[in-house]
Amino acid sequence: IIVAKAASTLSIDAIASQTYTGAAISPTVVVKDGATTLTLTTDYTVAYTNNTNVGTATATVTGVGNYTGTKAQNFTIVAKAASTLSIDAIANQTYTGAALTPTVVVKDGSTTLILNTDYTVGYSNNTNVGTATATITGVGNYTGTKAQNFTIVAKAASTLSIDAIANQTFTG
């Protein structure tokens, strides 16, 4: 009687760190029986767990045909650089005398990200007329920073009110 070989005796090559994509990541695994590289679906199948977000993911190999049982190999999913994200243009802001904090729209491809889940935002030079900056900092599945400038324009004098001026006595 020839029995199937235990998958626990197989080796699985290290899986390189993968960068977060927003979708489940299923990297190719290389499974060996000694020096012999095995064939997917003929000798084994592979299933993945925790393979979407940043952290430790697992590829679990299950023996097929001449192999039986399972063996797991962990791999790491690392955060995506904020520099690869896009920040929609921020409309000109009108001077108010207070710090201006316009909403920013941050996207990873066509996916709109969520403030305080995927990024935080800070502002600088955002009170007076001129160029202001909104800087996002990646959180969770994103890392690093990216800046977007916006313009603060002068408030129109026609929007100001002038208090009544009391009558004045002629002084010559």
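Contact here means heavy atoms within 4.5 Å of each other.

Before that, the ground rules. This is a predicted model, so local features need pLDDT of at least 70, side-chain atom pairs count only at pLDDT 80 or more, and totals for chains, interfaces and linings use all residues. Residues are numbered from 1 along each chain as its sequence is written, and side-chain values use heavy atoms, with hydrogens and water left out.

One more term. Strands are DSSP runs of E, at least two residues long, and helices are runs of H or I, at least four; they are numbered from the N terminus.

So, Asp-43. Find the loop between strand 5 (36-37) and strand 6. Which residues does Asp-43 contact, leaving aside neighbours within four places in sequence? They are Leu-38, Thr-62, Gly-63, Val-64 and Tyr-67. Look at Gly-63 again.

Is Asp-43 buried or exposed? We use relative accessible area, with a 1.4 Å probe and protein chains only: buried is under 20%, exposed is over 50%, partly exposed is in between. Asp-43 has 12%, so it is buried.

Move along to Asn-51. This residue sits in the loop between strand 6 (44-49) and strand 7 (55-63). Asn-51 is buried too, because its relative accessibility is 10%. Not counting residues up to four places away in sequence, its contacts are Ala-23, Ala-24, Ile-25, Ser-26, Ala-57, Phe-75 and Ile-77.

Now the sheets. Strands pair through backbone hydrogen bonds, parallel or antiparallel. Our rule: two strands pair if DSSP finds at least two bridges between them.

The order is 3-9-7-6, and the pairing is mixed. Which strands are at the edges? Strand 3 (18-19) and strand 6, each pairing on one side only. Thr-19, for instance, has Val-78 in strand 9 as its bridge partner.

Next, strand 18, residues 145-153. Strand 12 (residues 93-94) runs parallel to strand 18, with 2 bridges between them. There, Thr-94 stands opposite Val-153. Strand 16 (residues 130-138) also pairs with strand 18, but in the antiparallel sense, over 8 bridges. Ala-132 has Phe-150 in strand 18 as its bridge partner. Remember Phe-150. We need it in a moment.

On to aromatic rings. Rings of Phe, Tyr and Trp (its six-membered ring) pair if their centres lie within 6.5 Å; planes under 30 degrees apart count as stacked, over 60 as edge-to-face, and the rest as tilted. How many aromatic pairs does that rule give? It gives 3. One of them is Tyr-48 with Phe-75, edge-to-face, 6.4 Å centre to centre and 80° between the planes. Tyr-48 is in strand 6 and Phe-75 is in strand 9 (residues 70-78), so the pair ties together parts 27 residues apart in sequence. Phe-75 is at 2% relative accessibility, so it counts as buried.

Here comes Phe-150. It pairs with Tyr-123, edge-to-face, at 6.4 Å centre to centre and 80° between the planes. Tyr-123 is in strand 15 (residues 119-124) and Phe-150 is in strand 18, 27 residues apart. Phe-150 is buried, at 2%. Tyr-123 is partly exposed, at 25%.

Last topic: salt bridges. We need a side-chain nitrogen of Lys or Arg within 4 Å of a carboxyl oxygen of Asp or Glu. The whole structure has 4. Among them is Lys-32 with Asp-13, at 3.8 Å, N to O. Lys-32 is in strand 4 (residues 31-33), and Asp-13 is in the loop between strand 2 (11-12) and strand 3, 19 residues away. Lys-32 is partly exposed at 25%, and Asp-13 is partly exposed at 30%.

Another is Asp-108 with Lys-80, at 2.7 Å, N to O. This one links strand 13 (residues 106-108) to strand 10 (residues 80-81), with the two residues 28 apart. Asp-108 is buried at 11%. Lys-80 is buried at 18%.

Lys-107 meets Asp-88 in a salt bridge of 3.9 Å, N to O. Asp-88 lies in the loop between strand 11 (86-87) and strand 12, and Lys-107 in strand 13, so parts 19 residues apart in sequence are tied together. Asp-88 is partly exposed, at 29%. Lys-107 is partly exposed, at 25%.
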